[in-house]
Structures are given as structure tokens and as C-alpha cells.
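Trainee: I've got a fold open on my screen and I'd like to learn how to read it. Could you walk me through?

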Amino acid sequence: MKSDFIGLYFTVDDFLLTIAIMAGVMFILFIMLLVNMGKTRKVRKKYDAFMQGKNAESLEETLITRIQQVEQLLENEKKNTEKIQVISDALKNTFQKVGMVKYDAFHEMGGKLSFSLALLDQKNDGFIINAMHSREGCYTYIKEIVNGNSIIVLAEEEKEALGIAMGENSKKEESD
């Protein structure tokens, strides 16, 4: 049996094949529709959870508040960085290194009551205090240290205290 449709002739077999192909395509489209609906449902659930208890205005207010908090945190971080730099600069001029040696200045006295104390800053500038204790009294001297050196000749105890402050004596002790 032949039919004349738009000047084309179809047989029943051709017609059934066309219907089968169209049914297959429709079945594939139906499956794609179900998958799309499932994905849309998941997105909708996430959106509802995100918007739960909030309207668009309150969500906008929340976002604005969070942005302001972040800006405040960034501003505070900048202030803290500046304060840390001020403290760091101030520490450069403070005494950070200490070396002390106790000794008997006059061997008739016991107890090592005399001492040499070296106080240095980051650049190894500072001073050495030498206190010598004897039966007649205590004599105290101070010697200026610039860049780890003294203009005035240092006694052995003073050199040792300076070395301890500069970290040199600890290296010698480790190698001994």
C-alpha cells in the first residue's frame, strides 16, 4: 500500500520505521527530561537551604555586614603590621645580648664577687660594666662597645663577657 504525501511515496514498512525512530528519539528525550528534573530539584533544594528563613533583603544585609567585617579586619591587620614594625624598630635599639662572667678580682677574697657584664643591642653596640670587689670596697668601671669592639683595652673577663654576649664563646666551648 502506497500513500502520496507531499509528493513522496511511503510504504507501510517505511512508515513504521519512521514511527519507531521517532518513538526512540522521544524516549531518549523523556529520559533526558527526567535527569534534568532531578538536577533541577537538587539545585532548588540547595537554593531553598541557602535562602531558608531569609528574604532577599536580609540576605543582602548579611552580605553587606560580612563585607564590612572583612574590610575592618583588613584595616586592623594593616594597623597591626604598622605597630609590629614600630616595635621591631624599637627593639633594634634595646639591649638584646647579655654576657656575664663572675670572677675573683683579688685572689684573697672568695665567692667570685666581682663580675663583668656586657649588654649589647642588635648592632653589637652597648657597654661592659666591670665591678671589682675587694676588702676595701667595690670599684665599678664601664667601657663603651661600638660594633663589637672597645676603644679601651679589655681585661680577660671583659673579653669573655663580650664574647658570650656576641655568641662567640659558646662556639669555642662547643669545639672544645
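**Reading the sheet and its neighbours**

Mentor: Let's start with one spot: Phe127 stands opposite Glu144 in E6. Keep in mind that this is a predicted model.

Trainee: Okay. How many bridges join E5 to E6, and which way do they run?

Mentor: Eight bridges, and the two strands run antiparallel. They make a hairpin with four residues between the strands, where Gly137 has a positive phi near 160 degrees.

Trainee: What about E4 and E5, how many bridges join them?

Mentor: Six, again with the strands antiparallel. Look at Leu117, which stands opposite Ile129 in E5. This is a hairpin too, with five residues between E4 and E5, and Asn124 in the turn has a positive phi of about 60 degrees.

Trainee: In what order do the strands of the sheet come?

Mentor: To read a sheet, go across it from strand to strand. Here the open sheet has five strands in the order E3-E4-E5-E6-E7, with antiparallel pairing. Strand E3 (97–103) and strand E7 (149–150) stand at the edges with a single partner strand each, so one side of each has no neighbour in the sheet.

Trainee: And what holds E7 to E6?

Mentor: Two bridges join E7 to strand E6, residues 138–146, and the pair runs antiparallel. Val146 is the residue opposite Asn149 in E7.

Trainee: Which strands does helix H3 lie across?

Mentor: Helix H3 (residues 156–166) lies across E3, strand E4 (114–120), strand E5 (126–133) and E6. Its angle to E3 is about 150 degrees.

Trainee: How many aromatic pairs does a search of the whole structure find?

Mentor: One. In general, you describe a pair of aromatic rings by the distance of the centres and the angle of the planes. In this model, Phe95 and Phe127 are edge-to-face, at 5.2 Å centre to centre with 85 degrees between the planes.

Trainee: Why does that pair tie together parts that are apart in sequence?

Mentor: Because Phe95 lies in the loop between helix H2 (56–91) and E3, while Phe127 is in strand E5, the pair links parts 32 residues apart in sequence. Phe95 is partly exposed, with a relative accessible area of 45%.

Terms used: Residues are numbered from 1 along each chain as its sequence is written. This is a predicted model: local features need pLDDT of at least 70, side-chain atom pairs count only at pLDDT 80 or more; totals for chains, interfaces and linings use all residues. Side-chain values use heavy atoms; hydrogens and water are left out. Two strands pair if DSSP finds at least two bridges between them. Contact means heavy atoms within 4.5 Å. Axes are lines fitted to C-alpha atoms, for helices over the stretch in contact, and angles run from 0 to 180 degrees between N-to-C directions. Rings of Phe, Tyr and Trp (its six-membered ring) pair if their centres lie within 6.5 Å; planes under 30 degrees apart count as stacked, over 60 as edge-to-face and the rest as tilted. Buried means under 20% relative accessible area, exposed over 50%, partly exposed in between (1.4 Å probe, protein chains only).
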